[in-house]
Every structure is written in C-alpha cells, then in structure tokens.
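Work through the exercises below with the structure in view. Each task is followed by its solution.

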Amino acid sequence: MKVALINVPYGIKSYKTSEVPPLGLGFIARTLENNNVDYEFLDLGYKTLEESVDVFKNLFNIDFFGFSFYQENLENAIKLIRFVKQHFPNSKIIIGGAFPTLAHSELIKEFHEIDFVVRGDGEKAILKIFDGTYSNSDNGISYRGDNIFFSNKVNRLDNLDFSAPPAYR
C-alpha cells in the first residue's frame with residue numbers, strides 16, 4: 001500500500017517553502033512510519049496550482065490520497081482532488097484538517113470524489129480506513145456508503161504526551 005499526504009496549495013506564488021509543514025500531517029506521517037506504510041509527503045502550500053498538478057504527474061501506484069486544507073484553499077483542494085480522481089480512479093480520497101472537521105457533512109455530500117473525512121486526531125482513524133476495518137461506530141470517520149452518509153463524534157487522542165513527534169520527509 002502507498003499513501004500520498006498532501007498539504008494543499010494556498011494559491012499564493014512564493015519562492016520559499018513552508019517553514020513549518022502542517023503538524024497534523026506530520027503526526028499522520030509518523031503513524032504511517034510506525035506501521036510500515038509507504039508514503040509520500042507533499043507540502044505544496046506555497047506552490048501554484050499548476051506546479052502542484054505537475055507534482056502529481058510524477059506519482060505512481062498510490063492507493064490513498066490524504067488532503068489537508070482550510071476553507072481559504074478549498075477551491076484548490078477540490079481542483080486537485082478532481083485531478084487525482086481523473087488520473088487515479090481506483091485510489092481513495094481522504095480529507096482532513098480543521099475545515100474538513102467542521103464542514104464534513106457538506107463536503108462529502110457535495111463533492112462525490114471524496115471517499116472519507118477524518119475528523120479530529122486522525123492517527124487511529126486513518127489506519128482503520130487503510131485496513132478496511134472502519135465502521136459507522138468509529139469516531140472521527142465520516143464516509144458515504146450505499147447512498148447513506150455515516151458520521152459520528154470527532155476523534156481525540158487521549159494523551160499527546162505519549163505521541164511520537166511528527167515526521168516529514
């Protein structure tokens with residue numbers, strides 16, 4: 001299995017990179033490393049949409065794409081998600097972050113390209129999605145199944161003091 005974790009571009013052309021990559025994606029990356037899941041970490045925050053699309057053209061055999069974004073870059077997120085679904089039709093799309101956590105039902109109902117929304121702390125939820133053991137009783141996972149929308153409470157880690165530090169490569 002291979003995963004791509006994506007920080008969606010903000011739509012601002014800049015010649016610098018993000019000095020602090022997204023913390024939430026870093027924690028997800030650490031979880032993937034600890035569970036021997038192969039992944040690509042794509043911090044596209046300061047790239048243009050066109051530059052970001054070029055990055056996707058160099059990806060192969062990705063099973064899951066995980067997008068993190070805010071309301072401000074929702075338009076770019078949806079454009080990239082649609083590009084991915086067109087070019088990687090068998091891959092699953094997972095979104096997460098502050099805005100998707102709050103707007104999960106609207107996003108998954110309006111944009112049919114989205115397969116899952118991970119809400120809150122996603123370290124446990126993401127692994128359940130990857131191995132297919134998620135259910136409608138799992139906290140922190142929203143999804144569409146058989147034309148029914150499933151959602152429940154936001155997931156929170158019990159103790160951040162015992163979390164491994166974020167990983168970025």
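**Exercise 1: strand pairing**

S3 and S4 pair in the parallel sense over five bridges. The model is predicted.

Task: in which sense do strand S1 (residues 2–7) and S3 pair, and what is the bridge partner of Leu 5 in S3?

Solution. S1 and S3 pair in the parallel sense, over five bridges. Leu 5 has Gly 66 as its bridge partner in S3.

**Exercise 2: burial of S3**

Task: state how many residues of S3 are buried, and sort them by side.

Solution. Step one: five of the five residues of S3 are buried. Step two: in a regular strand the side chains alternate between the two faces of the sheet. Step three: Phe 64, Gly 66 and Ser 68 lie on one side of S3, and Phe 65 and Phe 67 on the other. Both faces are covered.

**Exercise 3: helix H3**

Task: check the span of helix H3 (residues 74–87) at 1.5 Å a residue, then list what covers its buried residues.

Solution. Step one: the 14 residues of H3 should span 20 Å, and the end C-alpha atoms are 20 Å apart, so the two values agree. Step two: the buried residues of H3 include Ala 77, Ile 81 and Val 84. Step three: the cover over the buried residues of H3 includes helix H2 (49–56), strand S3 (64–68) and strand S4 (92–96).

Key:
Residues are numbered from 1 along each chain as its sequence is written. This is a predicted model: local features need pLDDT of at least 70, side-chain atom pairs count only at pLDDT 80 or more; totals for chains, interfaces and linings use all residues. Side-chain values use heavy atoms; hydrogens and water are left out. Helices (H or I, at least four residues) and strands (E, at least two) are DSSP runs, numbered from the N terminus. The expected span of a helix is 1.5 Å times one less than its number of residues. Buried means under 20% relative accessible area, exposed over 50%, partly exposed in between (1.4 Å probe, protein chains only). Contact means heavy atoms within 4.5 Å. Two strands pair if DSSP finds at least two bridges between them.
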